[in-house]
Amino acid sequence: FLPAVRGDIPPGCAAHGFVCDGTRILVFGGMVEYGRYSNDLYELQASRWLWKKVKPQAPSTGSPPCPRLGHSFSLYGNKCYLFGGLANESEDSNNNVPRYLNDFYELELQHGSGVVGWSIPVTKGVLPSPRESHTAIVYCRKDVGSPKMYIFGGMCGCRLNDLWELDIETMTWSRPETKGTVPLPRSLHTANVIGNKMYVFGGWVPQSTGGEISTHDGEWRCTGSFCYLNLDTTEWIGLISDCQEDKSNSLPGPRAGHCAVAVGTRLYIWSGRDGYRKAWNNQVCCKDLWYLDTEKPPAPSQVQLIRATTNSFQVKWDDVPTVEGYLLQLHADSPVPSATGIHAAGVPETSVLSSQGSGSSLHQSPQSLPSVPYPEVKVDHPSPTNNVIPNNVQVSLSSNSLKVEGKEKVAASENKITQEMMKKHADATGFKDSNAPSLLPVCASSPQTTANVGELHDLDKRTVNPDASVSSTVSSTQSMVTQQAVKTESSSTNGAIVKDETSLTTFNSKSEAAETACTVPSTRVNTGQTNDSHSSKPPQRQMAPVKTRDRQWYDVGIFKNNSAVVSQFYLLPEETMSASNKMESANVPDYRLLKKQDLFPGTVYRFRVAAINGCGVGPFSKISEFKTCIPGFPGAPSTVKITKSVDCIHLSWEPPASPSGNILEYSAYLAIRSTQLQENPSQLVFMRIYCGLKTSCVVTAAQLSNAHVDYTSRPAIVFRISAKNERGYGPATQVRWLQGKISVRR
């Protein structure tokens, strides 16, 4: 992707400072054309791809930063911190007289865009020695609110491996005592903070560790060593040693001058150079992209129901950044027969995405690789956007060794390292067969494989169009309108990003017939009541008590995106059922060997979902409860529209696609504030705001003033609309009207 930038486009430069503040990027200094050093400051507004050259005010005392390269430029809050670098004492760029710097500047930023100016903070303690090509990061412990800046390594005639700490609140420099094996002296390495760890990778290191600096060729070399510093305990932990062999090319090769960026708990490493070839008289650059999953992903949000039919659910959940897929499971209220004729031996021991251990997992994303066949997974594919991940997406690893096609590689304890091969974008819509026993790739065109739910801003009128086709057995849809985006009928947005997304969720409400009482996720509604305000708490059902420990969870499948249409689930062999219940993140079985069970009408199913990355299956979400529809009742209203006016909003909808008889009336409900919500926030209380034959209603400002704002995912006002026929009310359509940052009256 090469964006069409405009404005004050800076010249190409190297060894510059670079920080990202939200959607803006600041670039300072570096070497520009003809070897000239720069002290220019540029700002890029990435939301508009607009460059602007900014001119900060000079410090009240002293001079502004001189032209330089190889400096560090770190962001914390609304300030950037500039340290060190290399300057040229000569005014002639062809006559380089190097001068290593250890000056320290603070740059105050304006909110959103622009800068205020430079200042020279008065610091205490001993300044770090002059250097360039070092790294600097900022870290603030959660329990101790004082932010610290850490400077490591660099170059000052020779490579360095000293660690310096600056307390930003007191502006005091110190050298913390560290434990563990200190990494070799290095420059042009990278350092990134994830959690409480500073990950250091690559760089130039000495050829030998004898302490003597020789002058012959080959004195320095690139390294592929990888380690981290625990910033709470200041202990160094090695992950990939400097002398570790990698004949299988499952680790990033030695390099320096590369770039690395942390996205969530994942670290991406891109490019760099692996040394200087004198015979070629040039640098040898890398073109590979790697990423490291440092820990298992967090639990996703609760599963939300979009639509229910008599034998299927259309569900979604909030996506988790930088994950490979999601494991969706369900539990049925009614007894489910165990799979017969299936032996536990049929489930492979080294199955997909092992959840053992809590270490890191490293993957490579080459630009192009030969196509590798994949094992076939028996699932229905209603559309080319179906994204069900095959079972064997990653080899299972022990805590202290790496197995790659039968060969072992030594790795650090509590860390698992594997290679992932990414396919081209054209192949990202499906999976092929494979017989490879060890390194089975996750199919994707980019490191992030989950679909993002689109946010809509500043929209007066929006439409939700539910997908009428829910015939798939097990599938997930990448661009489902009801789950991902809301179409606008307004022509006034001019293509701008719009706000207050209206997402569609369907739930099963209790009908007027007693036998149709059902439960829904965290909320319950009795539509048979005639009072305007009622609690969503349902009447008691006569059910056999089920202990949590006896509850059996069944896999629906592994999904690449954060939505699915579920009409079947997989039955586990009897021998595996007890083991699966004991382990929250048990290994995923080979679905090809399992039988499938259809969903039944009028049955309550409980759902939970867990995210998957290279480290394994993360914790499961909170449990949601949905019930399949009973035949004969009307379906949920569709194509819900919300139109804002000055003093009210207008709700409108279309009749159910499958009315199952004449529609006698519609009811619309609004979630309202209640003392019951303070006692149990998950139990929404609804007030009926409309009942009649029309397919539209007006919600007054007075009614909206009493609305409850739901914060389970994003702040939203919740509406529900249901239809009634001769048998009673069917499932309702739930609309979450996103509100952005608002204040809630108590």
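## Strand pairing and nonpolar cores in a predicted chain

Strands S7 (residues 79-88) and S8 (residues 98-109) are paired in the antiparallel sense through nine bridges. Within this pair, Phe 83 has Phe 104 of S8 opposite to it. The structure described here is a predicted model.

S7 and S8 belong to an open sheet of four strands, ordered S6-S7-S8-S9, in which the pairing is antiparallel. Strand S6 (72-76) and strand S9 (115-119) each have a single partner strand and stand at the edges, so one side of each lacks a neighbour in the sheet. From one strand to the next, the twist averages 20°.

S21 pairs with strand S20 (residues 259-263) in the antiparallel sense over five bridges, and Arg 266 in S21 is the bridge partner of Val 263. The hairpin of S20 and S21 has two residues between its strands, and Gly 264 adopts a positive phi near 65° there. S21 is also joined to strand S24 (residues 289-293) by five bridges, again with the strands running antiparallel. In that pairing, Trp 270 has Leu 289 of S24 as its bridge partner.

In S47, Cys 697 and Val 699 make up the covered face, whereas Ser 696, Val 698 and Thr 700 make up the uncovered one. S47 is joined to strand S44 (residues 648-654) by five bridges, and the two run antiparallel. On the uncovered face of S47, Val 698 stands opposite His 650.

The bridge counts of these pairings are collected below.

| Strand pair | Sense | Bridges |
|---|---|---|
| S7 and S8 | antiparallel | nine |
| S20 and S21 | antiparallel | five |
| S21 and S24 | antiparallel | five |
| S44 and S47 | antiparallel | five |

Attention now turns to the nonpolar cores. The largest nonpolar core comprises 27 residues, and Phe 313, Val 315, Leu 328, Val 566, Phe 569 and Phe 607 have the most contacts inside it. Two or more residues of this core come from each of strand S25 (304-308), strand S26 (313-316), strand S27 (325-332), strand S36 (554-559), strand S37 (563-566) and strand S40 (604-613). Another core, of 23 residues, lies apart from it and includes Cys 697, Ile 721, Ala 723 and Val 735. Cys 697, one of the residues in this other core, is also on the covered face of S47.

For the chain as a whole, there are four helices and 51 strands. Of its 746 residues, 53% count as buried. The chain exposes about 33400 Å², of which carbon and sulfur atoms supply 51%. Among contacts between residues at least 6 apart in sequence, 67% join residues at least 24 apart.

The average pLDDT is 73, and 65% of the residues score at least 70. Over residues 341-358 pLDDT stays under 50, and the model has 53 contacts beyond four places in sequence for this stretch. Over residues 366-549 pLDDT likewise stays under 50, with 488 such contacts beyond four places in sequence.

Notes
Residues are numbered from 1 along each chain as its sequence is written. This is a predicted model: local features need pLDDT of at least 70, side-chain atom pairs count only at pLDDT 80 or more; totals for chains, interfaces and linings use all residues. Side-chain values use heavy atoms; hydrogens and water are left out. A nonpolar core is a set of buried Ala, Val, Leu, Ile, Met, Phe, Trp, Tyr and Cys residues joined through side-chain atoms within 4.5 Å. Buried means under 20% relative accessible area, exposed over 50%, partly exposed in between (1.4 Å probe, protein chains only). Two strands pair if DSSP finds at least two bridges between them. Axes are lines fitted to C-alpha atoms, for helices over the stretch in contact, and angles run from 0 to 180 degrees between N-to-C directions. Contact means heavy atoms within 4.5 Å. Accessible areas come from the Shrake-Rupley method with a 1.4 Å probe; for residues, only the protein chains shown count as cover. pLDDT is the predictor's confidence in each residue, from 0 to 100.
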